[in-house]
Amino acid sequence: MSALAALLLGAAGAPAMVVIDEGETVRQEAPPHGAIGMSTAWRISDHVPAPRSFEFRKRALHVGAAIGIHPISHDEIYYVVSGTGIVHSDGEEAELKGGMAAWLYKGANVGIRQTGSEPLVLIIAYPNEKPAP
């Protein structure tokens with residue numbers, strides 16, 4: 001979607017729907033909260049015009065990569081598409097594999113690290129704390 005179309009939609013209110021091809025959102029970058037290793041990020045919700053009330057992202061943590069431990073001020077969900085990892089929340093850890101989800105609660109210190117020989121592919125969803133008007 002072009003910036004002009006997004007601007008026009010923003011002025012008129014939210015559209016009925018937006019369809020996003022994840023291939024248009026992909027980039028290689030260090031994971032957030034510590035830049036531990038490398039990842040492939042699909043910043044899907046960044047391609048949705050305002051207003052939006054939550055974030056929806058896909059990330060593949062490459063072998064040895066991690067999203068560092070950080071505090072969250074909202075509930076957050078890590079859903080594992082494939083691979084294995086260990087999720088951390090306030091000193092507790094749990095192993096995750098494809099088809100499992102970790103619901104992380106507001107106020108916790110959380111993070112997740114890739115384990116095994118394949119990338120850990122996650123869907124990450126959380127509320128947008130500052131939704132655009």
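N128 touches R52, S53, F54 and E55, leaving aside residues up to four places away in sequence, where contact means heavy atoms within 4.5 Å. This is a predicted model, in which local features need pLDDT of at least 70 and side-chain atom pairs count only at pLDDT 80 or more, while totals for chains, interfaces and linings use all residues. Residues are numbered from 1 along each chain as its sequence is written, and side-chain values use heavy atoms, with hydrogens and water left out.

N128 is found in the segment after β10, strands being DSSP runs (E, at least two residues) numbered from the N terminus. Its relative accessible area is 17%, which means that N128 counts as buried, the term standing for under 20% relative accessible area with a 1.4 Å probe and protein chains only.

E29 lies in strand β1 (residues 26-29) and is also buried, at 18% relative accessibility. Leaving aside residues up to four places away in sequence, E29 touches M38, S39, A41, R43 and R59. The side-chain distances of the two residues are set out below; a polar contact is a pair of N or O atoms within 3.5 Å, of which, within protein, one must be able to donate a hydrogen and the other to accept it, and residues adjacent in sequence count only if both atoms are side-chain atoms.

| Side chain | Partner | Distance |
|---|---|---|
| E29 | R27, side chain | 2.8 Å |
| E29 | R59, side chain | 3.0 Å |

The largest nonpolar core has 16 residues, and those with the most contacts inside it are L61, I67, Y78, V87, L104, I112 and L122; such a core is a set of buried Ala, Val, Leu, Ile, Met, Phe, Trp, Tyr and Cys residues joined through side-chain atoms within 4.5 Å. Two or more residues of this core come from each of β5, β8 (101-104), β9 (109-115) and β10, and the largest share, three residues, is that of β10.

The largest pocket holds about 270 Å³ of space, a pocket being an open set of points on a 1 Å grid where a 1.4 Å probe fits, with protein on both sides within 12 Å along at least five of seven lines, and lining residues having an atom within 4 Å of a point. Of its 17 lining residues, P32, H33, H70, E76 and Y126 are the closest to the centre. The elements giving two or more residues to this lining are β3 (54-61), β4 (66-71), β5 (76-82) and β10 (120-127).

Notes: Grid points are joined across faces, edges and corners, and a volume is the space filled by probe spheres set on the points. Helices (H or I, at least four residues) and strands (E, at least two) are DSSP runs, numbered from the N terminus. Buried means under 20% relative accessible area, exposed over 50%, partly exposed in between (1.4 Å probe, protein chains only).
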